[in-house]
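Q: Before we turn to particular features, could you show me how such a model is to be read?

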Amino acid sequence: MTLFEALHAHSWFLYLTVVLFGLCVGSFLNVVIYRLPKMMEAQWHAECAALAGKEPEPAAVFNLVHPRSRCPSCGTQITALQNIPVVSWLYLGGKCANCKAPISFRYPAIEIAAALLAALMAWRFGYSGALLGSLVFAWALLALTFIDLDTQLLPDDITLPLLWAGLIANTFGTFTDLRSAVLGAVGGYLLLWLVYWGFKLIAKKEGMGYGDFKLLAALGAWLGWQVLPFVVLVSAGLGAVLGGVALWLSKRGMETRIPFGPYLALGGIVGLLAGRQAVIWWIGYFPR
């Protein structure tokens, strides 16, 4: 029996495989979440220097694969055995092996989240092409969530490939038909674009960033225009409740900027898992 036959025949083996793979992907997502904003900042500095007619300052190579991961406190390089998802963190007691500085629980938490999302997608889609697409979708949204929480940025390096990946996936009717995907991408972008300009004209200030437009466009490309209202309602509802609780707990003023990307991401996950069924329950049928 080949690997693919085993994945198809035994659901427990499929779950085990995607969970283990999800843990490894989660470890890589930790790198993306930390390094991608820094790479963007370095690129902006280089572009500003070029516009000013200056030579950019020489800098060491810094990307998603180089240099090797190091302890942020003492700079000691992290070995392969110290980089095993979740297990290494537990074995080290959440501390650097060299300097004993604490290692944030967020690292294993993201790895666990990636694994749980993988298991959830395997439960929803089983052994299918849709499972592969849903994993890409969920893991990209997980990375965007934490980047937005950290920096209030939604990088084009993730949102735009995610949009195109949705259109390509739905070329084969994976989650919806191509026409619905294209209309979803256009509608998602225009919806938040209109909200942005309406708020700016009334309040005389910006209420969200352009990255939110692109993210909702990507969600529309994956889910189709029919599911977009459901995604927006879920995202807005979660944003109102969880954002309000966060403001209350932090005792910060109402002027505090709250990233909307994480709520769009949650809405997108819910939309992928249950959006079609929700629309049918809502209006009695699924529009074409």
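A: Let us begin with a definition: a residue is buried under 20% relative accessible area, exposed over 50%, and partly exposed in between. The model shown is a predicted one. Cys99 has a relative accessibility of 31%, so this residue counts as partly exposed.

Q: How many disulfides are there, by the distance rule?

A: A disulfide is a covalent bond between the sulfur atoms of two cysteines. In this model the count is 0 disulfides. For Cys99, the closest cysteine sulfur belongs to Cys74 and lies 3.7 Å away, which is too far for a bond because the rule requires sulfur atoms within 2.5 Å.

Q: Which secondary-structure elements does the chain contain?

A: The chain has 10 helices and 0 strands.

Q: Which residues touch the most other members of the largest nonpolar core?

A: A nonpolar core joins buried residues through side-chain atoms within 4.5 Å. Here the largest one holds 63 residues, and Met121, Leu141 and Leu162 touch the most other members. Among the helices that each supply at least two residues are H2 (11–51), H4 (106–125) and H10 (261–283). H5 gives the most, with 13 residues. Leaving aside residues up to four places away in sequence, Leu141 touches Leu162, Leu215, Leu219, Ala265, Gly268 and Ile269.

Q: What does the radius of gyration say about the overall fold?

A: A compact globule of 288 residues would have a radius near 19 Å, and the chain has 21 Å, which agrees. Its C-alpha trace spans about 60 × 60 × 45 Å along the principal axes. Buried residues make up 40% of the chain.

Methods
Residues are numbered from 1 along each chain as its sequence is written. This is a predicted model: local features need pLDDT of at least 70, side-chain atom pairs count only at pLDDT 80 or more; totals for chains, interfaces and linings use all residues. Side-chain values use heavy atoms; hydrogens and water are left out. Buried means under 20% relative accessible area, exposed over 50%, partly exposed in between (1.4 Å probe, protein chains only). Helices (H or I, at least four residues) and strands (E, at least two) are DSSP runs, numbered from the N terminus. Contact means heavy atoms within 4.5 Å. The radius of gyration is taken over C-alpha atoms; the globule rule is 2.2 Å times the number of residues to the power 0.38.
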